[in-house]
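Colleague: Before we discuss this model, I would like you to set each label against the rule behind it.

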Amino acid sequence: MSDTHSNTVAYVRDSMLPEATPPLTEVGAIRWLRENLFSGVLNIILTVLGISSVIWIVLHIGPWFLNAVWNAESLAECRQILDGATGACFGVIKDRWHQLIFGFYPPSAYWRPTLAFVLMLVALAPILFAGAPRKLFWFSAIYPALAFWLLWGGTIWFPIIAMAGFAVGYLAYRVTLPLSTLAATIVGVLATILWWLYLTGPISNMLSGALPIGIMPIRSDSFGGFMVSTVIGVTGIALSLPIGIVLALGRQSDMFLIKTVSVGFIEFIRGVPLITLLFTASLLLNYFLPPGTNFDIILRVIIMVTLFASAYMAEVIRGGLAALPRGQYEAADALGLDYWKAQRLIIMPQALKISIPGIVNTFIGLFKDTTLVVFIGILDPIGLSNAIRADSDWNGIYWELFGFIGLCFFIFCFGMSRYSQYLERKLKTDHR
């Protein structure tokens, strides 16, 4: 009787249903379109408006690109070739690309900034990617001196003696370390700075007189274009991160003097426009240097840009430190770690991980802010575009130059953004 009853109940299945293919609206591209573009009335309206905008842009800008002229030596020749048709005159890019990239750098020495850029990628590899050979760290350490020598030229002894300043600072640090870590750090930094200010020049001049090894020197007024933007941007990025970390730790310090100096520096720099600091670097910085010192204008700009970015970086990292649970600090104390070991092994790695989006955002802003150097006479890509348009051959051209400059900046900034996303995925540990 139970068997008969089970066969008459509607919700009791006595046989398997055959396999069936899923509905077309639940698989593949149709499902993606339905869920992402046509999931509701508002989405449908926005999708239609978006597609209409893209079609309108393509119809109006497409002919401008399709009829582009690449082989022309003036705007008048471009217009003659186009014969009244709508089209871009990319001949200006082909004619002046070397100026947009290298500025007024001597053409016979283009290999030097090109080699410096390639070697920069090699030096960054072990820093940015864990799979790179660890031995490359030695090359990363000497790359700044090598890049300086390649770009500015002159005697090879100057960058070598300048790098020796780090060895002098480290030696002073080790000698005074038994007193206290803070005192040893201060003494090491002061020893390095004094070496650079008073001994690097005389020693390098003496060695270059005895062994004259070098390449043709090139003045900073020959720098320009994306080369100068890359030099200032990359150097500022590389230096602002460690300085920002020190300032962030100083702002949270329990020592009154260190905290006051850190807070004062950060608030002052954040309250002053970057253009003001650049004018300071251009006009006033030499007054604070020893008499007879010839301080390169680009190096002065790098110092000011680095200080400006460091103040913002310090606040970004302080936000990461504030986001850490108090238990992390207590765990470090429970393990018996001193302050510096706790920061290096437990606190700072987590704070930097939290701060990755803000750090990269500061880097991108810094790289774009390098265009402000045009106001103090350094011809970055924007400044060179004005110089190119002032030439009678290209007077009246706008979109092609600014579009090319914008594209190059976009490639740099988009690359930094994508790397930050890669780094966030790599360091993700919550498995969500």
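Colleague: Which helices each supply at least two residues of the lining of the second largest pocket?

Modeller: Helix 13, helix 14 (326–334) and helix 15 (339–354) each do so, where helices (H or I, at least four residues) are DSSP runs numbered from the N terminus. This is a predicted model, in which local features need pLDDT of at least 70 and side-chain atom pairs count only at pLDDT 80 or more, while totals for chains, interfaces and linings use all residues. Residues are numbered from 1 along each chain as its sequence is written, and side-chain values use heavy atoms, with hydrogens and water left out.

Colleague: What is the volume of the second largest pocket, and which residues are closest to its centre?

Modeller: The volume of the second largest pocket is about 370 Å³, and of the 17 residues that line this pocket, Gln252, Asp254, Tyr329, Tyr339 and Gln343 are the closest to its centre. On a 1 Å grid over the protein atoms alone, a pocket is an open set of points where a 1.4 Å probe fits, with protein on both sides within 12 Å along at least five of seven lines, and lining residues have an atom within 4 Å of a point. A volume is the space filled by probe spheres set on the points, which are joined across faces, edges and corners.

Colleague: Which residues does Leu321 touch?

Modeller: Not counting residues up to four places away in sequence, Leu321 touches Ala248, Leu249, Gln252, Tyr329, Gln343, Ile347, Met348 and Ala351, contact being heavy atoms within 4.5 Å.

Colleague: Why is the pair Cys78 and Cys89 called a disulfide, and why a right-handed one?

Modeller: A disulfide is a pair of cysteine sulfur atoms within 2.5 Å, and the sulfur atoms of Cys78 and Cys89 are 1.8 Å apart. The torsion about their S-S bond is about 70 degrees, so the disulfide is right-handed. Cys78 lies in helix 4 (residues 75–82) and Cys89 in the loop between helix 4 and helix 5 (91–102), so the pair ties together parts that are 11 residues apart in sequence.

Colleague: What makes Cys408 and Cys413 buried or exposed?

Modeller: Buried means under 20% relative accessible area, exposed over 50% and partly exposed in between, with a 1.4 Å probe and protein chains only. Cys408 has a relative accessible area of 14% and is therefore buried, and Cys413, with 11%, is buried too.
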